[in-house]
Amino acid sequence: MAASPSRTATLIANLAAVSARVSAASTTTTLPRASSPSHPVRLVAVSKLKPASDVLALYTASPTPHLHFGENYLQELLEKSRLLPPGIRWHFIGGLQSNKCVTLARDVRGLWAVESVDTEKKASLLDKGWGERDNTLEGENRLRIFVQVNTSGEESKAGVDPAAAPLLCRFIREKCPRLKLQGLMTIGAIARSRATTPETENEDFLCLRETRDRVIADLALTGDDAVLELSMGMSQDFEGAITLGSDEVRVGTTIFGDRPPKRP
């Protein structure tokens with residue numbers, strides 16, 4: 001399953017370049033992040049439609065293996081999680097169907113977070129699936145959840161309306177004991193993404209930050225409970241997202257290259 005030496009070298013170089021850009025953007029922002037300043041912005045390498053060998057090449061890279069990887073499709077994530085080492089921290093970031101929530105939470109080895117929760121039903125089913133999981137080997141008591149917010153208002157985009165986000169967050173905290181509300185996530189409009197630079201404020205990122213602040217205020221969160229992360233920024237706009245306080249960016253093509261067409 002090993003990638004070729006040339007492919008491995010390309011992947012490691014691409015990841016190093018992106019990591020350097022993440023670090024540089026982190027030093028230019030004056031906005032506080034939810035996570036500790038001593039922890040860098042989390043870089044999720046989005047490996048959808050790429051072979052497991054690509055993931056393995058970055059996970060086993062020396063001297064700094066990469067841990068966090070994102071997938072969009074449940075079946076692909078299931079296959080990769082079974083093939084690859086258990087130490088990989090998987091993020092499910094794709095559109096989430098209710099009938100797949102239990103399987104996702106119960107069966108994906110190394111599942112670290114689900115970042116596309118936008119209904120109470122999905123949250124409840126993820127809670128159910130996590131309860132059916134054998135976590136004795138992984139040591140995770142609760143599944144991390146990001147509530148996906150539709151900051152652009154596009155009908156084609158998944159996500160809860162910003163005004164409804166506090167209600168869904170409250171439901172997760174009060175009715176889903178096996179879930180941990182980790183933060184909020186958005187994808188945003190493509191046009192805004194393309195226009196984003198480190199100096200240009202993206203309206204979707206501003207909206208997500210304001211929504212996070214509203215959740216904290218409406219739920220009267222304090223202390224550790226008020227530490228809600230922002231997952232925003234992808235290949236075209238991650239530096240602009242970091243300057244607006246993103247705690248996590250999800251980068252795919254800049255690391256792995258263009259993707260093939262989705263398999264049937």
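**Exercise 1. Determine which unit β5, helix α6 and β6 make, and how β6 pairs with its neighbours.**

Solution. Strand β5, helix α6 (residues 165–175) and strand β6 make a right-handed β-α-β unit. Helices (H or I, at least four residues) and strands (E, at least two) are DSSP runs, numbered from the N terminus. A crossover is right-handed if, with the strands pointing away from the viewer, the path from the first strand over the helix to the second runs clockwise. The model is predicted: local features need pLDDT of at least 70, side-chain atom pairs count only at pLDDT 80 or more, and totals for chains, interfaces and linings use all residues. Residues are numbered from 1 along each chain as its sequence is written, and side-chain values use heavy atoms, with hydrogens and water left out.

Next, consider the pairing, for which DSSP must find at least two bridges between two strands. β5 (residues 143–148) and β6 are parallel and share six bridges, with Ile145 opposite Leu181 of β6. β6 is also joined to β7 (residues 229–231) by three bridges, again in the parallel sense; here Leu184 stands opposite Leu230.

Finally, consider burial (under 20% relative accessible area is buried, over 50% exposed, in between partly exposed; 1.4 Å probe, protein chains only). Six of the seven residues of β6 (residues 179–185) are buried, so the strand is largely enclosed by the rest of the structure.

**Exercise 2. State whether Lys48 is buried or exposed, and identify what Lys48 touches.**

Solution. Lys48 lies in the loop between β1 and α2. Lys48 counts as buried because its relative accessibility is 19%. Leaving out residues up to four places away in sequence, Lys48 has contacts (heavy atoms within 4.5 Å) with Gly70, Glu71, Asn72, Tyr73, Glu76, Lys80 and Arg259. An unreviewed UniProt entry places "modified residue: N6-(pyridoxal phosphate)lysine" at Lys48; UniProt annotations may be inferred rather than shown by experiment.

**Exercise 3. Compare the span of α1 with the expected value, and find which of its residues are buried.**

Solution. Helix α1 (residues 5–28) has 24 residues. The buried residues in α1 are Leu11, Leu15, Val18, Val22 and Ala25. Their cover includes β1 (42–46), α2 (52–59), α9 (238–243), β8 (248–251) and α10 (253–256).

Methods. The expected span of a helix is 1.5 Å times one less than its number of residues.
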